[in-house]
Amino acid sequence: METGFRRLSVAALLCAGISSAWAQGSDDPLGGLVSPDLERREIREAQIDSENIEVTAYLGGIMNVEDFGSNALYGGALAYHINEDLFMEAAYGQSELGESSYERLSGSAPLLTDEQRKLSYYDLSLAWNLFPGEYFLFDKLALNSSFYLIGGIGNTDFADDSHFTYNVGAGVRVLTSDWLAVRLDFRDRVFDHEIFGEAQTTNNLSAQLGVSVFF
Amino acid sequence: MQWFTGLRCSLIASALFITTLLCSAGAAAADLSAASSEPSPSELPPPELHAVERPAQVADDAEQVVVGSPYLDMHTGPGRGYPVFHVAEYGETLWLLKRRTDWIKVALRRGQTGWVRVADLNELYGADGELVRVPLPDFRDLDSRRFNLGFTYGDFDGADSMGLSLGYRFTANLSAELRATQAVGAFSDSQTYQLAVVHQPFPQWRLSPYFMLGTGLTITSPNATIVATEDRRDTAMLTGVGVKTYLSRRFALRAEVANHYLLTSREDNQEIFEWKLGFDVYL
């Protein structure tokens with residue numbers, strides 16, 4: 001409230017000052033001497049294209065699901081680079097569950113149908129470019145690179161059920177040009193399931209090689 | 001009785017939301033005038049402009065500017081760790097090629113290209129001698145309207161939840177937010193889709209509280225292995241409070257608690273308590 005009054009009184013004083021200046025007009029003896037001689041600076045914003053989004057397609061990958069063997073992994077990721085240190089990423093992948101050793105050894109009916117063996121996951125992660133650097137190839141070629149740590153949360157769907165999943169991992173990105181990179185990513189996905197009757201926590205490792213484009 | 005407590009909670013939250021809305025309008029207006037970001041001019045006069053031929057590999061739409069600061073470090077990559085391999089001088093012409101996070105790729109007259117830090121580019125001059133500014137988004141620029149994107153982890157009525165939010169700031173205090181959450185629990189999974197109004201009474205504070213009112217849809221699917229039931233779709237009312245803290249110019253951590261009031265078709269309405277931890281990025 002006090003500032004309001006102060007502002008009001010300043011405004012009133014200013015008005016009074018201006019009106020008295022008008023009244024004096026050309027009679028002001030200092031008119032020519034103290035005229036402001038400041039050039040106005042013109043400022044505009046640069047027109048520049050930002051490339052902070054990275055789209056990755058997995059060229060080849062393998063995912064191990066605990067007790068169900070290793071199978072090919074397909075998928076991709078969409079990342080937004082926040083600054084030189086951090087990026088956030090949403091990823092999607094698909095794989096399959098193999099036969100568990102129980103099913104193979106006991107010779108009983110399979111635990112899951114073919115449809116239930118299809119696995120898909122999606123996750124949201126945050127990554128830290130821990131070691132930015134350069135790889136030197138031959139005499140004249142240096143490729144920018146970064147080693148990153150990544151972790152996040154997500155969801156894995158298989159056997160007609162959703163499984164809340166934590167993921168942690170690390171990866172290497174090598175930029176072949178400003179907009180094209182090769183990524184090698186290792187991840188551990190941790191989730192609980194009850195397929196064998198009681199709840200168990202599983203660690204499921206995956207490795208994937210991807211190509212990414214910045215735009 | 002339970003629905004009454006829920007309703008009372010929501011009413012209190014709404015009342016808080018509206019009072020802080022009214023209280024802070026004046027304060028925010030006063031802060032806005034203070035937070036103007038003008039590049040600081042150095043002692044050097046603006047450099048003279050010469051006609052320079054554009055190198056062949058530079059695209060036609062690349063902006064041509066002249067360096068007005070004493071020197072400009074050029075790195076081999078967009079990061080502080082990449083080595084400085086060249087220094088552009090005062091008065092030298094360069095072309096702005098592209099931006100990655102807070103780094104700009106520039107080309108020089110003789111064709112060298114390298115990355116310079118946006119923060120170092122506070123003195124560039126355009127073709128008509130005007131100052132050219134490269135914006136650095138900052139949560140403190142309260143007058144700028146910006147999108148923010150966030151990921152969250154939380155607990156939705158005992159179930160682990162993951163969330164995604166996209167917000168848009170209309171004024172220094174008010175934003176709208178689209179929120180999607182997927183929760184996976186022992187007995188049921190649920191998805192929520194909501195539109196919320198978020199009010200930050202003191203956006204300039206390092207630890208800034210916010211209030212939230214919203215509405216949306218909650219889809220609950222009981223786990224098939226336990227009971228065979230159908231998915232439920234309920235309209236939900238959302239009230240919540242939270243706090244944001246900015247770790248850097250564009251990166252904020254947030255924590256919130258929310259109350260979901262589900263308007264079900266059953267006899268009783270359902271109330272769900274949720275907490276979330278996450279981060280927000282100003283795009």
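Across the interface of chain A and chain B, 23 residue pairs are in polar contact, both residues of each pair being at pLDDT 80 or more. The model is predicted. Chain A puts 44 residues into the contact and chain B puts in 48.

**The chain A side of the interface**
- Six strands of chain A each supply at least two residues to the side that touches chain B: β1 (43-45), β4 (74-81), β5 (86-96), β6 (118-137), β7 (141-158) and β8 (161-175).
- The most comes from β6(A), which gives eight residues to that side.
- Sorted by class, the side of chain A that touches chain B has 17 nonpolar, 13 polar and 14 charged residues.

**Area and salt bridges**
- About 4000 Å² is buried between chain A and chain B, and carbon and sulfur atoms give 56% of this area.
- Eight salt bridges are found across the interface of chain A and chain B.
- One of them joins A:Asp178 to B:Lys105, with the closest N and O atoms 2.2 Å apart.

**Strand pairing between the chains**
- β1(A) and strand β8 (residues 131-133) of chain B run parallel and are joined by three bridges.
- A:Arg44 has B:Val132 in β8(B) as its bridge partner.

- Strand β9 (residues 147-156) pairs with strand β16 (residues 270-282) in the antiparallel sense over nine bridges, both strands belonging to chain B.
- B:Asn148 has B:Tyr282 in β16(B) as its bridge partner.

Methods. Residues are numbered from 1 along each chain as its sequence is written. Chains are lettered from A and ligands numbered from 1 in the order in which they are written. This is a predicted model: local features need pLDDT of at least 70, side-chain atom pairs count only at pLDDT 80 or more; totals for chains, interfaces and linings use all residues. Side-chain values use heavy atoms; hydrogens and water are left out. Two strands pair if DSSP finds at least two bridges between them. Helices (H or I, at least four residues) and strands (E, at least two) are DSSP runs, numbered from the N terminus. Contact means heavy atoms within 4.5 Å. Buried area is the accessible area (1.4 Å probe) that two parts lose on being put together, summed over both. A salt bridge is a side-chain nitrogen of Lys or Arg within 4 Å of a carboxyl oxygen of Asp or Glu. A polar contact is a pair of N or O atoms within 3.5 Å; within protein, one must be able to donate a hydrogen and the other to accept it, and residues adjacent in sequence count only if both atoms are side-chain atoms. Ala, Val, Leu, Ile, Met, Phe, Trp, Tyr, Cys and Pro count as nonpolar, Asp, Glu, Lys and Arg as charged, and the others, Gly among them, as polar.
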